[in-house]
Amino acid sequence: GGNSFGGANAQQGTGSYGYKPNGADGDLSQQAILPLASLSPYRQRWTIKVRVTFKSPVRTYQGKAGPGTMAKIHILDENGDEMEVTMWREGVELFYEMLEQDKVYYISRATVKMADKRFSTLSAQYAMTLETTSLVQPASDDGVIKKVSFNFVQLNNVADVEENKYIDICAVILNVGEVAQIQTKRGDNVSKRNIILGDQSQVSLELTLWGERAENFDVPVGSVLACKGVRVSNYNGKSLGSTRSTAIETNPDIPEAHALRGWYDSQGAQNQFQTLTTARGSGAGGRGQDPEISIEQVKEKGQMADSQVYMSARATVCHFRNKRGNDQDRPRVSYPACPTCRKKLQNHTGSWFCEKCQADAQPEYRYILSLRICDDSGSTWVSAFDDVGRELLGYSAGEIEEWAEAEDPTFTRVFDEATFESYVFRLRAKQEVYNGESKTKTVIMSARKIDYVQDTAKMIQEIASSM
């Protein structure tokens with residue numbers, strides 16, 4: 001017949017990517033469009049119109065037939081149904097470059113099979129594979145198909161979700177941990193970063209980011225994250241983990257994110273959160289998970305800690321150690337960071353070079369502050385990095401560096417104005433060894449300016465509830 005595929009009768013298409021049936025114009029826009037929900041392994045002829053909502057990097061693997069490549073995309077139709085699509089070897093060569101995230105396409109002649117729930121972040125019953133005989137054709141974007149489809153689970157309901165299930169969440173960032181390096185069972189070093197998230201249910205839990213996503217994450221506390229396809233874990237209570245297929249949007253333009261941000265700005269930032277994730281040395285520590293303690297108690301807990309310990313304290317900035325000016329003997333207030341990996345750049349004869357990326361780069365200055373904080377019980381030295389530095393000083397590290405180099409008096413004025421300001425600090429303390437001697441290193445994880453009106457009202461409420 002005139003609709004045979006492959007072999008000597010196949011001819012390369014012009015409007016579509018892949019192969020076209022003999023004697024047909026191959027214009028998929030003229031075909032009847034079926035919904036994703038109607039596809040199954042038993043349906044032979046179909047055409048769908050979908051948006052690509054996720055596109056993975058190409059991965060290489062070692063198979064029985066030798067090395068190969070594979071990649072995945074997620075597709076979404078106008079009814080909000082989704083499906084995962086995999087490309088292997090020749091499929092990657094044929095389709096990967098032309099399939100762009102957020103663009104709309106017609107697809108036909110792909111293989112549909114049962115989805116492997118162990119590896120899919122979507123809830124769809126079936127998954128799709130693009131073969132060399134498949135057809136893919138760009139489609140006009142009339143805006144009918146949404147950019148992304150979320151099915152949010154409120155954080156207090158995560159406690160009831162089975163382990164290894166994939167869910168979508170919309171939550172506000174309460175705390176951002178630092179990047180840590182861990183070694184996998186295979187001996188590889190992998191970057192990880194733990195983030196504490198909360199929502200209107202007054203519940204917080206931990207989300208772990210991995211690899212480049214962990215290294216490049218630069219979103220401040222108070223921002224809203226919409227996460228699609230995060231995996232639920234029962235490790236240390238309940239926690240969430242990202243995968244290669246997890247999609248994360250920052251402050252998305254959706255009603256759920258607007259409502260959450262409004263709630264957080266008006267009252268959530270001052271609230272106490274019940275955590276579903278048990279604190280552990282690898283970086284738990286969401287805001288509001290434990291009572292505030294004195295600076296003297298902070299020092300005592302830090303000295304006794306076998307591993308990392310998280311604490312909250314209400315204290316005042318009493319001194320910045322590293323007001324550098326042009327005195328090169330003093331510590332710097334910032335360092336020239338690579339904008340890609342954030343490692344310190346090296347200055348080679350007037351140009352900046354990143355040893356990790358092996359490339360020239362323009363420096364992006366980031367804070368490395370040392371300051372003393374105090375209350376009526378005592379004082380202690382603490383460190384602060386970029387997000388907290390911006391919160392304390394009100395300017396970027398790049399602006400501060402420019403004023404320092406130019407000997408602009410604004411440099412000194414900014415530090416003077418930031419001194420004697422009071423905050424509720426979220427602190428992390430751990431023991432580190434210098435020259436064979438153990439010392440406590442305390443880092444500010446977040447700093448919230450004290451709102452005396454709201455705090456007084458909260459204290460009155462607590463007193464009333466205890467009577």
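# Reading salt bridges, a helix face and a sheet

Author: Glu 178 is partly exposed, with a relative accessible area of 33%. Two notes before we go on. This is a predicted model, in which local features need pLDDT of at least 70, side-chain atom pairs count only at pLDDT 80 or more, and totals for chains, interfaces and linings use all residues. Residues are numbered from 1 along each chain as its sequence is written, and side-chain values use heavy atoms, with hydrogens and water left out.

Reader: What does "partly exposed" mean for a residue?

Author: Buried means under 20% relative accessible area, exposed means over 50%, and partly exposed is in between (1.4 Å probe, protein chains only).

Reader: Which residue forms a salt bridge with Glu 178?

Author: Start with the idea. Side chains of opposite charge can pair when their charged atoms come close. We call it a salt bridge when a side-chain nitrogen of Lys or Arg is within 4 Å of a carboxyl oxygen of Asp or Glu. Here, Arg 428 is the partner of Glu 178, with the closest N and O atoms 2.9 Å apart. Arg 428 sits in strand β27, and Glu 178 in the loop between β11 (166-176) and β12 (180-183), so the pair ties together parts that are 250 residues apart in sequence. Helices (H or I, at least four residues) and strands (E, at least two) are DSSP runs, numbered from the N terminus.

Reader: Is Arg 428 buried or exposed?

Author: Arg 428 is buried, at 7% relative accessible area.

Reader: How many salt bridges does the structure hold?

Author: It holds 17. One of them joins Glu 100 and Lys 103 (3.3 Å, N to O). Glu 100 is partly exposed at 39%. Lys 103 is partly exposed too, at 40%.

Reader: Which residues are linked in a network of salt bridges?

Author: Asp 218, Glu 364, Arg 366, Asp 386 and Arg 390. Take one pair from it. Arg 366 meets Asp 386, the closest N and O atoms being 3.7 Å apart. Arg 366 belongs to strand β24 (residues 364-367) and Asp 386 to helix α5 (residues 386-393), so this pair ties together parts that are 20 residues apart in sequence. Both Arg 366 and Asp 386 are buried.

Reader: Which residues of helix α6 are buried?

Author: First, the general point. An α-helix has 3.6 residues a turn, so residues three or four places apart point the same way. In α6 (residues 397-405), the buried residues are Ala 397, Ile 400, Glu 401, Trp 403 and Ala 404. Seen down the axis, they fall within an arc of 165 degrees, so they line one face of the helix. The arc is that of the directions from the helix axis to the C-beta atoms.

Reader: What covers the buried residues of α6?

Author: The cover includes β20 (334-337), β24, α5 and α7. Contact here means heavy atoms within 4.5 Å. After α6 comes Glu 407, with a positive phi near 55 degrees.

Reader: What is the order of the three strands in the open sheet?

Author: Strands of a sheet pair through backbone hydrogen bonds, either parallel or antiparallel. Two strands pair if DSSP finds at least two bridges between them. The order here is β21-β22-β23, with antiparallel pairing. β21 (346-348) and β23 (359-360) stand at the edges with a single partner strand each, so one side of each has no neighbour in the sheet. Two bridges join β22 (residues 351-354) to β23. In one of these strands, β23, Asp 360 is the bridge partner of Phe 353.
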